Amino acid sequence: MNELVLISVVGTDEPGITAVITRLLGQQDVDILDIGQTVIHDHLSLGILANIPGDAASLKTVIDRIVSDFMVEVRFAPVTEQSYDTWVDLQGSSRYLLTSLARGVKAEHIGEVSAVIAEHGLNIDNITRLSGRVPLHQPDATTKECVEFSLRGTPSENFRRRLLTLCADLDIDVAVQEDSIYRRTCRLIAFDMDSTLIQTEVIDELASLAGVGDEVA
């Protein structure tokens, strides 16, 4: 009889961990129903929802043995067929991407945005940092940090309005897009550059080149 199990792997990231575990699962003819992996500051978090033919406890013992050379911990959590069916039904829900841009990502930003998301009945499936990492001592005026939330559900009409208020309060920018095939094929974005991508007003620079900088300013 098959067993549904959520396999969680956490610990220090090293090359080969995912390969070792998934190859073993393949040898046992395991079906992977869902998988997600992230690494934050060399810390690995890997989740695999698996349909295991046979004894999950025996498989856990084998996995523990083959990962003993890595600094990770493997956990098996049983999943009921009812909860799995509920999860499958939810996959048909609408999906949105919320992108937050700020000089620096503060805990307050994540907390308040997450609270608005929860207030409007949306679920966060994933949070991803889109921007590169910044040095600890780099001046705030030169940093730009971006975080993307993958959301499931249908937002109310007040959702974007509430976020706009939050943007003004926290001095951040937020964009919400429906996560559809049309968004994924987009290849053009148009927006104001002045004091957005660059730290100056182009009209002032052009005026200076034309010798009328003071008058335009």
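Which residues line the largest cavity? S100, A102, V105, H109, I110, V113, V147 and F149 do, and the legends below start from them. The model is predicted, so that local features need pLDDT of at least 70 and side-chain atom pairs count only at pLDDT 80 or more, while totals for chains, interfaces and linings use all residues. Residues are numbered from 1 along each chain as its sequence is written, and side-chain values use heavy atoms, with hydrogens and water left out.

**View 1. The largest cavity and the elements around it.** One cavity of 30 Å³ or more is present in the structure, a cavity being a set of points on a 1 Å grid over the protein atoms alone where a 1.4 Å probe fits but cannot get out, with lining residues having an atom within 4 Å of a point. The volume of the largest cavity is about 60 Å³, where volume is the space filled by probe spheres set on the points, which are joined across faces, edges and corners. At least two lining residues each come from β5 (95-102), α4 (107-119) and β7 (145-152), and α4 supplies the largest share, three residues; helices (H or I, at least four residues) and strands (E, at least two) are DSSP runs numbered from the N terminus. By class, the lining has six nonpolar, two polar and no charged residues, with Ala, Val, Leu, Ile, Met, Phe, Trp, Tyr, Cys and Pro counted as nonpolar, Asp, Glu, Lys and Arg as charged, and the others, Gly among them, as polar.

**View 2. The largest pocket.** A pocket is an open set of points with protein on both sides within 12 Å along at least five of seven lines, and the largest one holds about 1300 Å³ of space. Its lining comprises 45 residues, of which T38, I40, N126, I127 and T128 lie nearest the centre. Elements giving two or more residues to this lining include β1 (2-12), β3 (43-53), α3 (81-90) and β6 (123-129), whereas β2 gives the most, with seven residues. The lining of the largest pocket divides into 19 nonpolar, 15 polar and 11 charged residues.

**View 3. The second largest pocket.** This pocket has a volume of about 420 Å³, and among the 16 residues that line it, T99, L101, A175, I189 and F191 are the closest to its centre. Two or more lining residues come from each of β5 and β8 (173-178), with β8 providing the largest share, four residues. Nine nonpolar, three polar and four charged residues make up the lining of the second largest pocket.
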